[in-house]
Amino acid sequence: MGGSQVMGGDIPAWQAVLPVVVLCAATALRSARPAPAVAVGTLTVIVETMSSGGLGPVLIYTDLLYAAALYGAPWLCRLLQTGSVTATLATTVVLVLTGDRSEGVTTGVIVALVLISPVWTGVLIRNHKERADTERQRAAQINRLAELDRKTVLQTERTRMARELHDLVANHLSAIAIHSSAVLSLAGTKGEKDGAGEEAGAEEDPVLRALAVIRENSVQGLAEMRRMVVLLRSDRGMDDDWDRPQLNALASLVEQARPAADAAALTLHTEFPEYFPEVSSVIEVTAYRIVQEALTNVLKHASAGRVHIRCETGAGQLTLSVDSPLTRPDGRARQRPVAQLTTGAGAGLAGMSERAALVGGIFDAGPDRTAPGRWRVRAVLPLTQHS
């Protein structure tokens with residue numbers, strides 16, 4: 001016909017290609033704009049069916065119906081479900097009543113495959129996705145409730161621990177501070193009656209110096225205990241701005257222990273860096289408590305002699321060591337010192353080891369193989385806290 005390409009009889013090529021182009025353009029919008037896309041597709045397929053009835057546009061239209069049922073609004077999904085069934089039934093009934101019954105039924109089945117099948121497939125997948133989203137939201141809600149329950153239980157346990165610490169430990173520390181203060185006051189009153197010379201002699205008395213250290217440590221321990229009680233009762237955790245022990249306080253810690261060490265014939269020798277590195281508060285607390293516990297063990301168990309307390313930094317780690325004599329210089333075992341008030345339960349070494357392990361460090365304690373007759377406590381801590 002006049003040089004035009006003929007497809008399916010006398011239909012020009014552009015008329016056969018145009019519906020396909022329109023449907024492809026609508027397909028590009030099937031996810032973003034499903035309602036306009038399916039409307040354009042439906043109109044195009046109706047016109048194409050009435051004019052030529054090509055198969056290509058129908059196949060593209062089934063994809064539009066599927067996408068509209070899957071991505072469209074709920075009202076559009078319901079409209080497609082109702083419309084596809086209605087259109088299929090209406091087409092089948094009309095063909096059966098106006099033409100051959102078997103041909104009408106066959107055509108109805110084909111229309112059902114074109115209209116109902118993609119729509120209901122999209123509806124099934126849509127319902128599955130909605131159920132999956134609902135289950136995910138429910139799981140997230142359960143996780144939030146479980147986290148709230150965990151925090152409630154944790155806060156309750158912290159409150160109970162705070163109460164127990166205050167009732168059991170703080171009362172004993174208060175009693176120690178009160179009684180040591182009373183003894184020092186009596187000694188001071190006696191010194192005033194005996195004269196200045198007697199008072200000066202009392203100040204040099206190692207027993208009185210030990211009592212002063214006991215009082216100072218008990219008062220300081222009571223203050224730390226009260227801060228810990230407040231921290232446990234708080235719901236903000238370990239990031240609160242409270243007075244944490246620091247590395248630069250290690251020298252003061254050793255000085256506090258000197259009177260008790262002098263009474264036990266121990267000489268404390270320190271090797272600390274001029275400037276301590278910047279580390280996290282958890283590492284500082286861990287290092288301070290390890291040295292504190294090691295000094296306590298030295299005062300309780302070490303023999304007379306020199307005690308070395310070292311702190312070294314390098315290679316991304318902090319090394320702490322406290323070594324002390326196991327025997328006296330004359331080879332005899334040391335007598336029970338004045339500072340040893342009670343027999344330890346063996347929890348000090350375990351506590352130091354646990355503190356080091358919690359921050360990713362290494363701890364060991366035992367006889368020093370390089371120096372026979374000496375006991376060494378050594379901890380290697382990272383400069384940054386391990387998660």
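**Entry 1. Salt bridges**

I counted as a salt bridge a side-chain nitrogen of Lys or Arg within 4 Å of a carboxyl oxygen of Asp or Glu. With that rule I searched the whole structure, which is a predicted model, and the search returned ten salt bridges.

I looked up E255 and found its partner to be R258, with the closest N and O atoms 2.9 Å apart. Both residues belong to helix α8 (residues 250-263) and are three residues apart, about one turn of the helix. I noted E255 as partly exposed at 46% relative accessible area, and R258 as partly exposed at 25%.

I then examined E271 and R310, whose side chains meet in a salt bridge at 3.5 Å, N to O. This pair links distant parts of the chain, since E271 is in strand β3 and R310 in strand β4, 39 residues apart. The relative accessibility is 35% for E271, which counts as partly exposed, and 24% for R310, which is also partly exposed.

I recorded a further salt bridge between R378 and D364, the closest N and O atoms being 4.0 Å apart. R378 is in strand β7 and D364 in strand β6, so the pair ties together parts that are 14 residues apart in sequence. R378 is partly exposed at 28%, and D364 is partly exposed at 29%.

Finally, I noted a network of salt bridges that links E271, R310, D323 and R374.

**Entry 2. The sheet**

I traced an open sheet of five strands in the order β3-β4-β5-β7-β6, with mixed pairing. Strands β3 (266-271) and β6 (362-367) stand at the edges with a single partner strand each, so one side of each lacks a neighbour in the sheet. Direction ignored, neighbouring strands are turned by 10 degrees against each other on average.

I followed the pairing of β5 (residues 317-325) on both sides. Strand β4 (residues 305-314) runs antiparallel to β5 and is joined to it by seven bridges; T313 stands opposite L318 there. Strand β7 (residues 374-382) is also antiparallel to β5, with nine bridges between them. Across that pairing I found D323 opposite R376 and L320 opposite A379.

I next checked β6 and β7, which run antiparallel and are joined by six bridges. The bridge partner of F363 is A379 in β7.

**Entry 3. Two hairpins**

I examined the turn between β4 and β5, a hairpin with two residues between the strands, where A315 has a positive phi of about 55 degrees. The hairpin of β6 and β7 has six residues between the strands, and G373 takes a positive phi near 85 degrees.

**Entry 4. Helix residues and a surface patch**

I looked up R289 in helix α9 (residues 281-301). With 17% relative accessibility against a cut-off of under 20%, R289 counts as buried. Its side chain makes a polar contact of 2.9 Å with the side chain of Q292.

In helix α5 (residues 101-194) I located W120, which is partly exposed at 37% relative accessibility. V85, L89 and W120 form a nonpolar patch on the surface, with about 260 Å² of accessible area together.

T134 also lies in helix α5 and is partly exposed at 38%. I found a polar atom of the T134 side chain 2.8 Å from the backbone oxygen of E130.

Technical notes. Residues numbered from 1 in each chain as written. Predicted model: local features only at pLDDT ≥ 70, side-chain atom pairs only at ≥ 80, totals over all residues. Heavy atoms only, no water. Patch = residues over 30% accessible without salt bridge, like charges linked within 9 Å, V, L, I, M, F, W, Y side chains within 5 Å. Areas by Shrake-Rupley, 256 points an atom, 1.4 Å probe, with all protein chains shown as cover. Helix = DSSP H or I, 4+ residues; strand = E, 2+ residues; numbered from the N terminus. Buried < 20%, exposed > 50% of the residue type's maximum accessible area, 1.4 Å probe, protein only. Polar contact = N/O pair within 3.5 Å; in protein donor to acceptor, adjacent residues only side chain to side chain. Pairing = 2+ DSSP bridges. Axes fitted to C-alpha atoms, helices over the stretch in contact; angles between N-to-C directions.
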